[in-house]
Amino acid sequence: MSAIPILRLGHVLLVNVNVELDDEIATRMQNDVLLAIERWEAEGLVIDISGLEVVDSYVARILAETGQMTKLMGTRCVVCGMRPEVAATLTRMGYQMSGVMTALNLADGLSLLGYKLERV
Amino acid sequence: MAEDVLSREELPIAREDDVVFVRRRVRAIASEQKLDSFATAAVTTATSELTRNVWVHARGGTAVIEQIREGARVGMRVTFRDSGPGIADVERVLRGGFSTARSMGLGLSGSRRLVDALTVESEVGKGTTVTFVKWKAF
């Protein structure tokens, strides 16, 4: 079982979730991210979920919790790239991912944290 | 019920990994049936919730995935069966916001909102059978 890599981009940590999350990988990702925030003194965290075709209530809860945990640590977290089908499904189920900032895509997610991606 | 069953496969739910495995099969069959992407996400997510329920509450069971036809319409029927502790108050669980184990209590009530029909048969001490049907939109 492979862990999800956490990339450093300046003071921001970037997690690109591009494998199907089972319960174990999701929980491990949550722990790894929190440890990485402490280690690198990250000012922000962006979790890109554009690669996820399915987000069930368990994974949604892991994401929402991760946002709350990073907030407790004093860091901001943005979940970006949620697919239309995922947004519709979670909402129809009655799930509210309250307390988590969301952004349309990675560039918007970074700019929410104060980083601008510009064309050179 | 006068549906024709076009295909049927039974999968075990015996490990946590089966949550992913069962929903992958449901996704594959949904795309075979050419359900649209939203309907595919709906049945895949409902399957994920209900398979997890079987695993978390009963530590095992089966999922039966069927392609069905009734008159001019086709759809999927997925049945989750376990011999776990059962549900004492099915109505209450279906209303939502009710959780016994580590879930949001959205498994059954949320899944019901994603499909066309969802039924629960449960007997305390005997087990639970949950069946959902999703028809392909014309």
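So, how much area do chain B and chain A bury between them? About 2100 Å², with 52% of it on carbon and sulfur atoms. Buried area here is the accessible area (1.4 Å probe) that two parts lose on being put together, summed over both.

Quick housekeeping. This is a predicted model, where local features need pLDDT of at least 70 and side-chain atom pairs count only at pLDDT 80 or more, while totals for chains, interfaces and linings use all residues. Residues are numbered from 1 along each chain as its sequence is written, chains are lettered from A in the order in which they are written, and side-chain values use heavy atoms, leaving out hydrogens and water.

Okay, the interface. On chain B, 22 residues are in contact with 20 residues of chain A, contact being heavy atoms within 4.5 Å. The rule finds five salt bridges across it, each a side-chain nitrogen of Lys or Arg within 4 Å of a carboxyl oxygen of Asp or Glu. One of them joins B:R23 and A:D56, at 3.8 Å, N to O.

Now look at helix α2 of chain A, residues 57-73. Helices here are DSSP runs (H or I, at least four residues), and strands are too (E, at least two), numbered from the N terminus. In α2(A), 12 of the 17 residues are buried, so the rest of the structure largely encloses this helix; buried means under 20% relative accessible area (1.4 Å probe, protein chains only). Among them are A:Y58, A:I62 and A:L63. And what covers those buried residues? The cover includes α1, β3, β4 and α3 of chain A, together with α2 of chain B.

Key:
Expected span 1.5 Å × (residues − 1). Buried < 20%, exposed > 50% of the residue type's maximum accessible area, 1.4 Å probe, protein only.
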